[in-house]
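The sequence and structure come first.

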Amino acid sequence: MAAASVDSMPPTMQYLPGSVNIPLTQFPPPPPFSVGDVDAAHEVKSVVDRLNGSLDDTSFASTAGLFAKGGYWRDHLMLSWNFRTVQGPSQIAEFLQACSRSKDGFRLQRIAVDDDDDDDDGSPCRRPATAPLDGQAKVLGIRAFLSIETVRGRGDGLIRLAHEDGAWKIFTMYTSLRELRGHEEGTFQRRPRGVSHGGQPGRRNWADERLLAREYRDGTEPKVLIIGAGQAGLTAAVRLKMLGIDALIIDRNQRVGDNWRNRYHQLVLHDPVWYDHMPYLNFPPQWPIFTPKDKLADWFEAYASIMELNVWMRTEPVKTCWDEGRRAWTIEVARGLDDGSTTETRTLRPLHVIQATGHSGQKYQPDVPGTESFAGHLICHSSEFPGAREQGNQDQQGQEGQGQGQGQGLLKAVVVGSCNSAHDIAQDFAEKGYDVTMVQRSSTHVVSSRAVTDIALRGLFSEDGPPVDDADMLVHSMPNSMLKAVQAEVVKLQRDEDGDLLRGLERAGFRTDDGPDGSGLFFKYFQRGGGYYIDVGASRLIVDGRIKVRQGREVSEVLPRGVRLSDGSELEADEVVFATGYRSMRSQTRQIFGHDAAEKVADDVWGLNAEGEWRTMWQRSGHPGLWYHGGNMALCRYYSRLLALQIKGLDEGLYAYDED
């Protein structure tokens with residue numbers, strides 16, 4: 001798969017260093033007949049039968065021959081204990097040969113079409129059906145869910161067929177591990193009994209057992225220490241618990257959920273509820289579409305309790321050491337006790353540490369000269385923004401119609417940055433009556449919330465969509481190069497929906513873009529970790545002049561009552577907020593574990609490699625016993641299972657850390 005480095009991107013497109021700008025998939029031409037007349041179940045079962053029969057050929061030449069010329073095989077742990085995407089018949093054959101030479105050999109035992117024919121409650125989307133390959137019905141193919149078994153365990157898959165050279169060929173094949181043989185999750189028919197009936201003098205009740213398990217004062221140790229009690233930490237812990245792995249979460253905050261609860265006052269999630277479900281426990285049906293931060297924080301706190309997760313709040317690592325001989329950590333933590341006035345020191349010896357401190361690392365606030373001399377009310381990073389002051393309204397009375405809030409005496413605010421946080425904060429200032437200016441340093445991808453829910457996620461993560469696990473499969477079964485091409489088509493529809501708004505932003509001097517290769521929101525997030533705004537009102541304030549914009553400039557100096565920009569112009573300000581993003585997760589690795597540990601990490605964290613797979617996240621990092629987990633709630637939900645399965649596989653000796 002050809003790829004371009006970030007150095008070849010337009011100057012306004014900023015990406016994480018080393019992240020690859022993967023190309024858009026080239027889809028095959030549409031079939032020369034009406035796909036509506038195709039018996040999808042018959043055709044896909046015919047291909048799967050041939051696929052099963054071909055696996056006896058140790059050269060895998062006959063297997064590769066079942067794939068379209070530009071076909072893909074994406075594998076998440078099922079065959080390789082890695083995250084891999086290979087393209088083209090010859091590369092697929094080489095990949096399968098390499099997997100078959102591993103310690104146990106992947107030995108695919110069965111691939112079957114999973115159509116839920118025997119399950120009245122099954123999801124209709126799992127049945128074989130004709131479906132667009134490109135997301136927009138220009139190129140129709142066949143799609144089917146698969147169930148897969150190897151010597152290691154059971155997996156789920158998804159196959160897409162394209163018509164090429166007079167036959168149905170495999171365009172994408174996805175194989176993803178779901179459970180290890182003999183180490184299945186403790187759910188449904190394997191759920192715990194909860195009680196042992198009969199006479200048992202001195203036995204402990206459930207509350208006693210939970211306290212004992214949570215405190216680790218009986219000589220037990222957590223096998224996994226998770227740093228961070230946000231969506232990443234909680235999802236990792238619950239997946240490990242279902243696999244019988246003892247995990248402890250530590251977090252420096254007072255309460256579970258404070259990573260959301262302590263953010264700026266008006267924050268509401270921009271992702272809809274259907275996209276954000278947690279593992280094993282969906283949000284209830286009356287939950288609002290967009291979740292307020294404090295409501296989400298309370299849900300996290302309840303989730304940790306309901307799922308019986310071991311959590312120590314007000315706890316931070318103070319000393320860490322990796323013992324190569326024991327292949328284990330020694331970590332000293334300072335833990336605040338329940339009375340709030342004392343701290344104890346505990347030493348833990350986990351085999352694994354999961355850094356779940358958010359996919360971004362430490363805050364990035366430019367070291368601008370003059371910051372210490374600022375004499376206004378507030379200068380801070382967006383992560384520390386307490387909310388706009390109500391006093392901003394004092395001088396707004398009677399100002400309507402006078403230049404959109406340009407009256408004498410108004411408090412003035414400058415927001416440096418132009419992505420989600422910057423817009424939310426600028427909107428808060430504007431709604432409180434401030435004279436607010438946004439400093440936009442590079443272009444931003446802007447898409448309305450309506451276009452996201454009604455176009456990008458409609459029919460997938462929506463009220464009428466499939467179960468969330470099936471929706472996840474439909475997305476993650478696509479190689480990221482294919483997903484990028486699909487999203488490029490989505491962006492075209494979104495621009496039609498948002499056309500008036502985008503033209504208004506251009507007139508107001510706000511610069512927008514369509515994301516890498518026109519692929520929009522998802523790939524701004526994947527390749528940069530930011531650079532976008534899901535509009536929930538601030539864009540209209542920019543168009544109407546209530547939020548002013550200074551575009552293409554940097555803040556070169558902080559003045560006692562404002563800032564000086566790189567072009568020499570000045571902006572007055574009573575409050576300055578740097579919504580300038582965050583550093584890589586490795587910045588926090590250096591802070592917690594030291595420079596040497598961070599340098600052992602094989603690659604930077606986040607972004608995509610040349611195959612279009614993730615760099616370092618949710619997989620072996622290069623440092624034994626150190627794992628990274630983060631991202632939005634949907635990514636945490638999906639990849640937490642794959643992360644937990646790798647740790648379980650190591651714990652059971654099913655593979656070695658350095659095994660391919």
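In this predicted model, the sulfur of Cys-636 has its closest cysteine sulfur in Cys-419, at 20 Å, which is too far for a bond because a disulfide requires the two sulfur atoms to lie within 2.5 Å. A search of the whole structure likewise returns zero disulfides. Two cysteines with computed accessibility are listed below.

| Residue | Relative accessibility | Class |
|---|---|---|
| Cys-99 | 5% | buried |
| Cys-636 | 0% | buried |

Both entries count as buried because the cut-off is under 20% relative accessible area.

The nonpolar cores come next. The largest of them holds 177 residues, and those with the most contacts inside it are Trp-73, Ile-159, Ile-226, Ile-354 and Phe-429. Helix H17, residues 633–651, supplies the largest share of this core, with twelve residues. Leaving aside residues up to four places away in sequence, Trp-73 touches a set that includes Phe-67, Leu-79, Val-86, Ile-92, Phe-95, Leu-96, Leu-108 and Met-173. Also among the residues touched by Trp-73 are Thr-63, Arg-84, Thr-85 and Thr-175. Another core, of 13 residues, lies apart from the largest one; among its members are Val-439, Leu-571, Ala-573 and Phe-578.

Which residue caps the N-terminal end of helix H4? Asn-205 does, with a side-chain oxygen 3.2 Å from the backbone nitrogen of Ala-207. Helix H4 spans residues 206–215. After H4 comes Tyr-216, which has a positive phi, near 55°.

How values were computed
Residues are numbered from 1 along each chain as its sequence is written. This is a predicted model: local features need pLDDT of at least 70, side-chain atom pairs count only at pLDDT 80 or more; totals for chains, interfaces and linings use all residues. Side-chain values use heavy atoms; hydrogens and water are left out. A polar contact is a pair of N or O atoms within 3.5 Å; within protein, one must be able to donate a hydrogen and the other to accept it, and residues adjacent in sequence count only if both atoms are side-chain atoms. Helices (H or I, at least four residues) and strands (E, at least two) are DSSP runs, numbered from the N terminus. A nonpolar core is a set of buried Ala, Val, Leu, Ile, Met, Phe, Trp, Tyr and Cys residues joined through side-chain atoms within 4.5 Å. Buried means under 20% relative accessible area, exposed over 50%, partly exposed in between (1.4 Å probe, protein chains only). Contact means heavy atoms within 4.5 Å.
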